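Please consider the arrangement of aromatic rings in the structure shown below. The paragraphs that follow begin with ring pairs and then turn to the fold and to individual residues.

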Amino acid sequence: MKLIKFLFFLFLLFAYNYFFCMPRALNVNKDGLKNATKRDSLERAVKKSDIDTSRVKLLNDLGTELIKIGEYKNAVQYLQEANSLAKKLGYKSGMAKSYNKLGNAFWFQGDYESTLKQWLSAIKIWEEIGDKKGMSNEYSNVGLIYSSQKNFVKAFEYYAKGLR
């Protein structure tokens with residue numbers, strides 16, 4: 001009976017994360033035209049931006065928009081640029097966000113190994129800077145990976161960390 005309750009609890013955590021957290025984290029929007037217009041605006045802003053933290057933010061936002069419209073390879077390119085620039089600038093929050101978004105891009109491509117690598121890298125940075133919201137989000141994301149791989153014990157461990 002305890003096993004059934006435990007499995008049911010894991011199922012609920014997985015369902016909550018899958019149906020509520022991921023779409024909200026990506027701000028999924030079905031209006032492709034609106035996303036394309038926003039993408040164009042972000043691309044122009046990136047071209048005009050200085051090499052500073054605002055450029056990192058713009059590159060991360062552009063990567064998110066490209067994920068929304070399914071242009072994962074382009075998203076990865078911009079997000080890697082954001083990550084590289086954030087590292088160069090010592091902008092840890094920007095690095096963690098780019099790792100998170102890179103993980104999202106890989107997730108939607110079904111590359112769970114790369115997804116896990118990116119999200120674990122984000123966790124490391126969120127912990128370094130003490131960002132509890134960032135840590136909670138990433139722990140839940142990693143729990144989602146382990147749930148999808150049917151490693152429920154590991155998933156539960158990360159979901160529990162995300163709730164702290």
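Five aromatic pairs are counted here, where rings of Phe, Tyr and Trp (its six-membered ring) pair if their centres lie within 6.5 Å, with planes under 30 degrees apart taken as stacked, over 60 as edge-to-face and the rest as tilted. One of these pairs is formed by Y139 and Y158, a tilted pair with 6.1 Å from centre to centre and 45 degrees between the planes. This pair links distant parts of the chain, since Y139 belongs to helix α7 (residues 132-148) and Y158 to helix α8 (residues 152-163), 19 residues apart. A pair of aromatic rings is described by the distance of the centres and the angle of the planes.

The model is predicted: local features need pLDDT of at least 70 and side-chain atom pairs count only at pLDDT 80 or more, while totals for chains, interfaces and linings use all residues. Residues are numbered from 1 along each chain as its sequence is written, and side-chain values use heavy atoms, with hydrogens and water left out.

Both Y139 and Y158 are buried, a term for under 20% relative accessible area, with exposed meaning over 50% and partly exposed in between (1.4 Å probe, protein chains only). Over the ring of Y158 sits the charged end of K161, 4.9 Å from the ring centre; this description requires NZ of Lys or CZ of Arg within 6 Å of the ring centre and within 35 degrees of the ring normal.

The protein as a whole has eight helices and zero strands, where helices (H or I, at least four residues) and strands (E, at least two) are DSSP runs numbered from the N terminus. Buried residues account for 41% of its 164 residues. Of the contacts between residues at least 6 apart in sequence, 53% join residues at least 24 apart, a contact being heavy atoms within 4.5 Å.

A further group of rings consists of W107, Y112 and W119, which ring pairs link into a cluster. Y112 lies in helix α6 and counts as partly exposed because its relative accessibility is 33%. Setting aside residues up to four places away in sequence, Y112 touches W107, I145 and Q149. The C-alpha atoms of Y112 and I145 are separated by 6.8 Å, although these residues are 33 apart along the chain.

Beyond residues up to four places away in sequence, Q118 touches Y99, L102, G103 and F106.
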